[in-house]
Amino acid sequence: MAQLSTKIKLYCEANSKVADFQDNVILQDDSDGKGPYIKEWKVDGLTKPTDEQIASYETAGNTEESNNTVRATRKEAYGDIGEQLDEIYKDIDAWKARIKKIKDDNPKA
């Protein structure tokens with residue numbers, strides 16, 4: 001299940017807005033078993049989403065979170081950019097093959 005913050009981020013992006021979770025969107029979880037909710041909504045020019053609107057981003061949210069995990073895994077596997085540049089200089093074909101394997105081993109949704 002996608003996190004509320006991910007679904008709100010996607011809702012804002014779909015409406016050409018930015019969700020800043022320290023400034024214009026404040027989430028809270030009261031530890032009462034109901035989960036997180038929107039405590040404050042101050043996104044200029046965009047109304048607070050309904051529960052139905054938030055729920056409509058579940059699939060996209062799951063994909064986004066899955067792809068974020070893949071991006072992080074790939075980034076770690078790629079290694080330092082300086083070392084990559086050195087690798088490219090020495091043998092670009094070997095670098096291309098290594099990067100392709102990383103991408104093949106860690107596909108995005």
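**Entry 1: the model and its fold**

I started by reminding myself that this is a predicted model. I then looked up the secondary structure and found four helices and two strands. Going along the sequence, I wrote the order down as α-β-β-α-α-α. Next I checked the overall spread: the radius of gyration is 19 Å, well over the 13 Å that the globule rule gives for 109 residues, so the protein is more spread out than a compact globule. The box around the C-alpha atoms, taken along the principal axes, is roughly 55 × 25 × 25 Å.

**Entry 2: burial, contacts and surface**

How much of the protein counts as buried? I noted 28% of the 109 residues. I also looked at contacts with a separation of 6 or more, and 52% of these are between residues 24 or more positions apart. For the accessible surface I have about 7,700 Å², with 51% of that belonging to carbon and sulfur atoms.

**Entry 3: charges**

I counted 17 positive and 22 negative charges in the protein.

**Entry 4: aromatic rings**

A pair of aromatic rings is described by the distance of the centres and the angle of the planes, and I went through the rings with that in mind. The count came to two aromatic pairs.

My notes on one pair concern tyrosine 11 and tryptophan 41. Where do the two residues sit? Tyrosine 11 is in helix 1 (residues 4-14) and tryptophan 41 is in strand 2 (residues 37-41), so to speak distant parts of the chain, 30 residues apart. Tyrosine 11 is buried, with a relative accessible area of 4%, and tryptophan 41 also counts as buried, at 17%.

Then I turned to tyrosine 11 and tyrosine 57. Here the ring centres are 6.2 Å apart and the planes are at 85°, so the pair is edge-to-face. This pair again links distant parts of the chain, 46 residues apart: tyrosine 11 belongs to helix 1, while tyrosine 57 lies in the loop between helix 2 (51-55) and helix 3 (58-78). Is tyrosine 57 buried or exposed? I have it down as buried, like tyrosine 11.

Putting the pairs together, I recorded Tyr11, Trp41 and Tyr57 as one aromatic cluster.

Definitions and conventions. Residues are numbered from 1 along each chain as its sequence is written. This is a predicted model: local features need pLDDT of at least 70, side-chain atom pairs count only at pLDDT 80 or more; totals for chains, interfaces and linings use all residues. Side-chain values use heavy atoms; hydrogens and water are left out. The radius of gyration is taken over C-alpha atoms; the globule rule is 2.2 Å times the number of residues to the power 0.38. Buried means under 20% relative accessible area, exposed over 50%, partly exposed in between (1.4 Å probe, protein chains only). Contact means heavy atoms within 4.5 Å. Accessible areas come from the Shrake-Rupley method with a 1.4 Å probe; for residues, only the protein chains shown count as cover. Lys and Arg count as positive and Asp and Glu as negative; His and the chain ends are not counted. The place of a charge is taken as NZ of Lys, CZ of Arg, CG of Asp or CD of Glu. Rings of Phe, Tyr and Trp (its six-membered ring) pair if their centres lie within 6.5 Å; planes under 30 degrees apart count as stacked, over 60 as edge-to-face and the rest as tilted.
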